[in-house]
Amino acid sequence: MIDVATLSVIRRWALREHLSLREIARRTGLSRNTIKKYLRAGEAEPRYAKRVGISKLDPFAEKLSGWLKTETGKSRKQRRTVKQMHADLAALGYDGSYNRVAAFARVWLAKRQEAERTTGRGTFVPLTFGVGEAFQFDWSEDWAVIGGERTKLQVAHTKLSHSRAFIVRAYLLQTHEMLFDAHNHAFRVLGGVPRRGIYDNMKTAVDKVRRGKERDVNARFGAMVSHFLFEAEFCNPASGWEKGQVEKNVRDARHRLWQPVPAFATLAALNDWLEARCTALWREIDHGKLPGTVADVWAQERALLMPLPRPFDGFVEHTKRVSPTCLVTFERVRYSVPASYANRPVSLRVYAERIVVAAEGQLLCEHRRLIDRRHDTIGHTVYDWRHYLAVLQRKPGALRNGAPFVELPAAFRQLQAALLKQPGGDREMVEVLALVLHHDEQAVLTAVELALEAGVPTKMHVLNVLHRLLDSKAAPPPVTAPQALRLVLEPLANVKRYDDLRASERKVRHAP
């Protein structure tokens with residue numbers, strides 16, 4: 001095999017100086033057939049036969065090709081990564097490197113794209129963002145085990161476009177109040193607000209997509225944007241690459257956070273773990289385009305973010321009518337309202353984690369929000385027994401079997417059990433419960449506990465103890481009495497004294 005320099009000399013002698021093959025063979029020591037072969041090919045450099053090497057992956061190539069073909073037929077959420085395939089091959093006996101498996105997958109994908117004539121598709125222009133310029137937001141669906149039950153979650157992803165710092169938060173629904181809550185937490189963790197926000201055309205933000213970039217923005221979403229003072233931009237329909245960073249974050253999060261499926265007792269515990277895990281990943285992931293990790297670049301970007309205002313009051317308001325049983329219904333869950341508003345309209349303000357009832361310019365009550373997506377149950381009822389005290393004043397008998405009073409504190413239930421054994425005990429117990437309308441509930445509860453400890457479960461004793469607590473007076477010292485009284489001076493019978501009293505009485509009667 002000749003080298004490039006020799007081939008260059010041969011071509012120059014033959015094509016420029018027109019030497020014969022005999023003369024070129026004499027000068028180079030090569031055979032005339034070899035010289036003819038290179039001159040006939042017309043190549044300026046010699047071509048070498050491709051080296052065929054033996055790889056540790058060769059016995060598994062057919063298996064890996066089958067896996068790659070199977071995975072391309074699945075949805076993006078269900079596909080295995082090349083790293084997972086490498087682990088599966090290792091379980092089958094492959095002891096080669098991950099890089100060799102990744103190279104095989106790249107070549108296989110390129111051949112597949114060429115076969116399907118799709119090589120020209122998926123070509124994009126790389127984007128760059130200034131410090132504090134923009135963030136990207138998107139939703140995804142993932143699974144977790146919450147309270148022992150496998151639950152589908154709606155996951156909010158927020159990512160800074162410059163530093164690539166990201167935060168993930170999970171919800172049960174993808175509604176307005178969840179969107180507002182996700183932004184409140186995202187800006188809190190990221191340390192400020194960028195100048196622009198990039199979204200797709202989600203229904204919680206866009207009421208109608210018009211020509212070009214024109215959008216009819218939802219009024220409540222617009223209020224949030226105005227509160228945080230950033231500019232909202234929306235991608236073209238079916239153009240997810242316009243917010244490719246957060247799209248990639250959705251894909252990467254499935255392997256970093258959701259595999260294996262996390263299990264937590266409550267959704268709040270899961271979100272606490274997600275926040276801690278995301279901030280830890282900032283320190284582990286290299287930025288890629290700038291020196292240092294994501295955390296290093298974020299520390300520089302944070303100083304140029306807009307200062308964080310107070311959290312946005314992100315509720316969705318509904319008008320409801322209170323039922324005669326003092327309940328309002330929302331999403332198949334019933335919540336109690338103070339009895340004075342029965343059969344009247346109220347405003348229901350729905351937050352991500354709570355329900356607030358308001359009327360006539362004042363807040364009436366607040367409940368922890370329950371979300372029940374099952375339709376094979378009759379729904380739940382959330383009571384607050386305090387809301388029914390006004391009804392008890394007129395109907396004390398309802399205390400015995402009233403559903404709201406099942407949730408009374410333990411001390412109140414013990415006192416009720418003792419009082420209901422006595423005549424008029426219903427009325428006394430109602431009067432004790434009514435004390436919480438005028439005094440601190442904890443003070444009333446303490447008075448009841450002290451009365452039970454003293455063995456005097458009565459209304460009067462509870463009132464006595466409560467007034468001493470409110471007046472900050474100590475309880476009187478206990479009276480120590482002997483077990484039995486002993487007579488010191490025994491009285492003597494004196495009949496004469498009785499006769500003298502009768503004689504005196506007769507004199508008074510017959511006096512003139």
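Asp 88 counts as partly exposed, at 29% relative accessibility (buried means under 20% relative accessible area, exposed over 50%, partly exposed in between, with a 1.4 Å probe and protein chains only). This is a predicted model, in which local features need pLDDT of at least 70, side-chain atom pairs count only at pLDDT 80 or more, and totals for chains, interfaces and linings use all residues. Residues are numbered from 1 along each chain as its sequence is written, and side-chain values use heavy atoms, leaving out hydrogens and water.

**Salt bridges**

- Side chains of opposite charge can pair when their charged atoms come close.
- The whole structure holds 27 salt bridges (a side-chain nitrogen of Lys or Arg within 4 Å of a carboxyl oxygen of Asp or Glu).
- One of them joins Asp 88 to Arg 80, at 2.5 Å from N to O; Arg 80 is partly exposed, at 26%.
- Another links Lys 248 with Asp 252, at 2.6 Å from N to O.
- Lys 248 and Asp 252 lie four residues apart in helix H9 (residues 244-256), so about one helical turn separates them (helices are DSSP runs of H or I, at least four residues, numbered from the N terminus).
- Lys 248 is partly exposed at 40%, whereas Asp 252 is buried at 14%.

**Cysteines**

- The count of disulfides is zero (a disulfide is a pair of cysteine sulfur atoms within 2.5 Å).
- For Cys 326, the nearest cysteine sulfur belongs to Cys 365, 11 Å away.
- Cys 326 is buried, with a relative accessible area of 3%, and Cys 278 is buried at 0%.

Terms used:
Helices (H or I, at least four residues) and strands (E, at least two) are DSSP runs, numbered from the N terminus.
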